[in-house]
Amino acid sequence: MCFGESTELKHTALCEDVAFCVNCLETLGASFDGKVLFSPELIRDNVSLNVGESGTLFRMLLPVLCAIGGDYEFVLGKSLSLRPEDELFSALKSGGIEIKKKKNLVTAKGKLSAKKYEISGSVSS
């Protein structure tokens, strides 16, 4: 997705986390017709993305969208909003991202600078 080529996901099961993922991708500009068609040049910013309780979705989308650059709002489910994110947020801030969390809303603005990022795997939610 980040290297100028379209991405196609096939045979996705529509559990709750996948439904949130499909909704986020559609909000970002993807089309969905049994498969997701996504092209990086079509990514919208200034959007609100509801990730529900999907920590995996949030932790993957946040840095990818920061690398692409833009202004994004993430709506977190109640339980997800209580999970630790300090280390991820610190890494993104060190790369030039303006990131703020207020209750269940996280806003990220800017374009992540190119450098090596290290995040400990010892923190679990």
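How many bridges join strand S6 to S7? In this predicted model, strand S6 (residues 98–102) is joined to S7 by five bridges, and the two strands run antiparallel. They form a hairpin with two residues between them. At the turn end, Lys102 stands opposite Leu105 in S7, and Lys103, a residue of the turn, has a positive phi of about 55°.

Strand S7 (residues 105–110) also pairs with strand S5 (residues 70–76), again in the antiparallel sense, over six bridges. Gly69 lies in the loop between H2 and S5. Gly69 counts as buried because its relative accessible area is 16%, below the 20% limit. The C-alpha atoms of Gly69 and Lys111 are separated by 3.9 Å, although the two residues are 42 residues apart along the chain.

The largest nonpolar core contains 24 residues, of which Phe58, Leu62 and Phe74 touch the most other members. At least two residues of this core are supplied by each of helix H1 (16–28), strand S4 (47–52), helix H2 (55–68), S5, helix H4 (86–94) and S7. The largest share, six residues, comes from H2. When residues up to four places away in sequence are not counted, Leu62 touches Phe74, Leu88, Phe89, Leu92, Ile99 and Ala108. In soluble globular proteins, nonpolar side chains tend to be buried together.

How values were computed: Residues are numbered from 1 along each chain as its sequence is written. This is a predicted model: local features need pLDDT of at least 70, side-chain atom pairs count only at pLDDT 80 or more; totals for chains, interfaces and linings use all residues. Side-chain values use heavy atoms; hydrogens and water are left out. Two strands pair if DSSP finds at least two bridges between them. Helices (H or I, at least four residues) and strands (E, at least two) are DSSP runs, numbered from the N terminus. A nonpolar core is a set of buried Ala, Val, Leu, Ile, Met, Phe, Trp, Tyr and Cys residues joined through side-chain atoms within 4.5 Å. Buried means under 20% relative accessible area, exposed over 50%, partly exposed in between (1.4 Å probe, protein chains only). Contact means heavy atoms within 4.5 Å.
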